[in-house]
Amino acid sequence: IPASAGLDSSAPALPGWTHVYSGKVRDLYIPEEAADAASAEQLLMVASDRISAYDWVLDSEIPDKGKVLTGLSLWWFDQLSEVIGNHVISSDVPEAVAGRGLIVKNLSMLPVECVARGYLTGSGMADYKATGSVCGVPLPAGLVEADRLEPAIFTPATKAELGDHDENVSFEQVSETIGAEAAEKVRDLTIEIYQRAEAIARERGIILADTKFEFGTLPDGTLVLGDEVLTPDSSRFWDAEGYEAGKAQASFDKQFVRDWLTTESGWDKSSDTAPPALPAEVVEKTRARYVEAFEKLTGQKFPG
Ligand code: ATP
Ligand code: MG
């Protein structure tokens with residue numbers, strides 16, 4: 001659990017649990033009887049319907065988004081269980097957060113965002129254009145937007161305080177922060193998990209361009225996956241059908257939000273004023289995209 005105070009969110013009061021932290025999307029609780037966050041063995045992690053874009057938490061919520069994120073994470077944890085353990089204890093949570101909440105092991109989180117990139121875009125592309133490398137990993141010359149990277153590369157970032165941007169760092173910087181042995185371990189795991197997930201998504205018509213994992217350790221030192229995994233919020237999913245290197249790919253989830261904010265809303269993204277609330281149509285289309293991602297990946301009907 002981050003030491004900083006986090007967002008002043010609308011996290012609901014839940015019987016038996018004390019609210020201790022809110023990030024942009026998730027609310028964390030500890031058992032009522034736990035003395036403090038550090039000594040709690042378990043946490044209740046609730047994915048809200050909040051949505052962020054351009055580092056702003058928007059005023060509008062996307063109905064069912066929290067359920068999609070939690071349902072997808074659970075499905076992926078299951079797919080990955082032969083490769084790596086995870087923090088999930090149970091999904092038996094208070095009624096008010098049913099489907100959105102998980103009881104998890106309180107991990108000691110590594111202070112690194114473990115990113116794998118199999119395609120070049122976003123901050124990876126910006127880094128490549130400036131330096132020819134991404135996070136110190138040299139790449140061949142002449143790559144274009146959305147080109148595939150084979151093999152996928154490990155491009156870690158620091159975990160920023162709320163309101164700050166995550167910052168790409170080199171493998172050496174990660175080694176200095178968490179030690180060479182742990183750094184090598186999370187690097188290898190990040191790539192292995194990415195490759196497995198990329199193959200699964202591909203079979204289902206979705207390109208997993210990049211994704212971010214957060215690892216933590218159990219009291220006995222075992223490394224496991226925490227947070228959310230392979231959701232539209234932690235990953236870039238592209239439609240395999242429309243994929244073409246050399247141009248920007250439509251993102252699966254937030255495209256309507258970003259498009260509306262930057263073209264139709266009149267909001268200036270470089271200003272420091274908060275973006276306006278989303279029109280109902282943008283909310284509904286965005287909800288449909290989140291649900292579609294869930295259904296395409298899992299092959300299951302979204303339980304609503
Ligand atoms: P951002 O909005 O940039 O994602 P954030 O990561 O702080 O900020 P959330 O993802 O909304 O916010 O909140 C989840 C928080 O819980 C993260 O700080 C994450 O590292 C932490 N976390 C996730 N799983 C565990 C766990 N099992 N034990 C302890 N902390 C965890
Ligand atoms: Mg997060």
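The largest cavity is lined by Arg26, Met45, Val46, Ala47, Leu69, Thr70, Ser73, Arg100, Leu102, Asp227 and Glu228. The model is predicted.

**The cavity**

- The count of cavities of 30 Å³ or more comes to one.
- The largest cavity holds about 60 Å³ of space.
- Two elements, strand S3 (42-47) and helix H1 (65-79), each contribute at least two residues to the lining of the largest cavity.
- By residue class, the lining of the largest cavity consists of five nonpolar, two polar and four charged residues.

**The shell around ligand 1**

- Ligand 1 has 19 residues around it, of which Tyr21, Lys24, Arg26, His87 and Glu214 come nearest.
- Strand S2 (26-31), strand S3 and strand S7 (101-105) each provide at least two residues of the shell around ligand 1.
- Strand S3 also supplies at least two residues of the lining of the largest cavity.
- The shell around ligand 1 is made up of 10 nonpolar, three polar and six charged residues.

**Polar contacts and cover of ligand 1**

- A polar backbone atom of Val25 is 3.1 Å from an oxygen atom of ligand 1.
- At Lys105, a backbone N or O atom lies 2.8 Å from a nitrogen atom of ligand 1.
- Lys159 takes part through its side chain, with an N or O atom 3.0 Å from an oxygen atom of ligand 1.
- On its own, ligand 1 has 610 Å² of accessible area, and the protein covers 90% of this.

**Glu228**

- Glu228 sits in the loop between strand S17 (223-225) and strand S18 (235-239).
- Glu228 counts as buried because its relative accessible area is 4%, and the cut-off for buried is under 20%.
- The side chain of Glu228 is in polar contact with the side chain of Arg26, at 3.1 Å.
- A further polar contact, at 2.9 Å, joins the side chain of Glu228 to the side chain of Thr231.

How values were computed. Residues numbered from 1 in each chain as written. Chains lettered and ligands numbered in written order. Predicted model: local features only at pLDDT ≥ 70, side-chain atom pairs only at ≥ 80, totals over all residues. Heavy atoms only, no water. 1 Å grid on protein atoms, 1.4 Å probe; cavity = no way out; pocket = protein on both sides within 12 Å on 5 of 7 lines; lining within 4 Å. Points joined across faces, edges and corners; volume = space filled by probe spheres on them. Helix = DSSP H or I, 4+ residues; strand = E, 2+ residues; numbered from the N terminus. Nonpolar A, V, L, I, M, F, W, Y, C, P; charged D, E, K, R; others polar. Near = heavy atom within 4 Å. Polar contact = N/O pair within 3.5 Å; in protein donor to acceptor, adjacent residues only side chain to side chain. Areas by Shrake-Rupley, 256 points an atom, 1.4 Å probe, with all protein chains shown as cover. Buried < 20%, exposed > 50% of the residue type's maximum accessible area, 1.4 Å probe, protein only.
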